[in-house]
Amino acid sequence: QLMEKAEGRNQTSIVEFILLGFGNGPELQPLLFLLFLVIYIVTVAGNMLFVALVVADQHLHTPMYFFLGNLSCLEICYTSATLPRLLASLLTGDRTISVQGCLVQLYFFGVMTNTENLLLTAMSYDRYLAICHPLRYTVLMTGRVCCLLVAGGWISSLLSSTIVQIYLWQFTFCDSKEIDHFFCDFSPILNLSCSDTQTLELVTFVLAVIGTFLPFLLTLTSYICIIINVLRNPSNTGRKKAFSTCSSHLIVLAILYVTVLTVYVVPIPDSHKVLQKIFSVFYTVLTPIINPLVYSLRNKEVKESLSKAILKLAAYRNR
């Protein structure tokens, strides 16, 4: 298999890749730089503001907002794994990245992606307990349980990404230097390897089933149970309250899973690589900026907390 894969390839080991990004159009690069710079600043500022509100306001010291605060921290790290490197290449025109640098970017991207998936599962479990078992909620979803769920997500993601990296760092890369993407993703890197990738592909598949597919099923099951429970509720007020709490979660989940499944599961021909990049932008760049907006605009508690913070700031300035 290794001989077949290597046949016809230039066996000279390469030490750097070229990220092709969004094309060579010189008139497009400044516009893309400004666009992604604004998105990055708004993403970091929006998520930091959300974390600050959750920490400062005692009314937001609940399991749901504990998870949302952690999600905002994660989104800052998530977008920082890809955007700064993209901004640097758009500004300087230097698209090269060392093999080691590319693998490090992939490692952090993998950790953040897996952790986000598990954190969203924990959030769906929290909503399931709050809506389907309200009398037992405070007993089941304690501060210790919340911390264990978040810590478990981080630790399992670090372990799974480390296992993949152990294999990747042993690979030799040859043939082409070009990665037709704006960041170092798993499949494009694997395509440039002249080592035998069968074992890693099998390991990655098992990890993806355990770390992505099973959490997705748990999340889906949680929301199906929530919807069934809400529809059985004879009170219209109760229904509205439950749906308003979960609708923001469902919006974020829909955007994330639809784009991720489109990029990684649905086969896209080479002629539609631009479409694949656009979908990649959705889950790597737009999801982190959408999250604080969705949760702040759709949650009464967050809007009240933000109003209080603005009034306090205005009162402080008028002294």
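Predicted model: local features only at pLDDT ≥ 70, side-chain atom pairs only at ≥ 80, totals over all residues.
The UniProt record, an unreviewed entry, assigns the feature "transmembrane region" to five stretches: residues 31–56, 145–168, 205–231, 243–266 and 278–297. Two of these stretches were examined for secondary structure. Residues 31–56 are 100% helix and 0% strand. The C-alpha atoms at the ends of this stretch lie 37 Å apart. Residues 145–168 are likewise 100% helix, with 0% strand. Here the end C-alpha atoms are separated by 35 Å.

Helix 2 spans residues 28–56 and packs against helix 12, residues 300–317. Two packed helices are described by the angle between their axes and the distance between the axes. For helix 2 and helix 12, the angle is about 90° and the axes are 10 Å apart. Helix 2 is therefore roughly perpendicular to helix 12, as angles of 65 to 115 degrees fall in that class. On the helix 2 side, the contact involves Leu 49, Phe 50 and Leu 53. Helix 12 contributes Val 302, Ser 305, Leu 306 and Ala 309. By class, this contact holds 6 nonpolar residues and 1 polar residue. No charged residues take part.

Gln 165 belongs to helix 7, which runs over residues 143–168. With neighbours within four places in sequence left aside, Gln 165 is in contact with Leu 103, Leu 106 and Tyr 107.

Technical notes: Residues numbered from 1 in each chain as written. Heavy atoms only, no water. UniProt positions renumbered as here; feature names shortened; annotations may be inferred. Helix = DSSP H or I, 4+ residues; strand = E, 2+ residues; numbered from the N terminus. Axes fitted to C-alpha atoms, helices over the stretch in contact; angles between N-to-C directions. Parallel < 35°, antiparallel > 145°, perpendicular 65-115°, else oblique. Contact = heavy atoms within 4.5 Å. Nonpolar A, V, L, I, M, F, W, Y, C, P; charged D, E, K, R; others polar.
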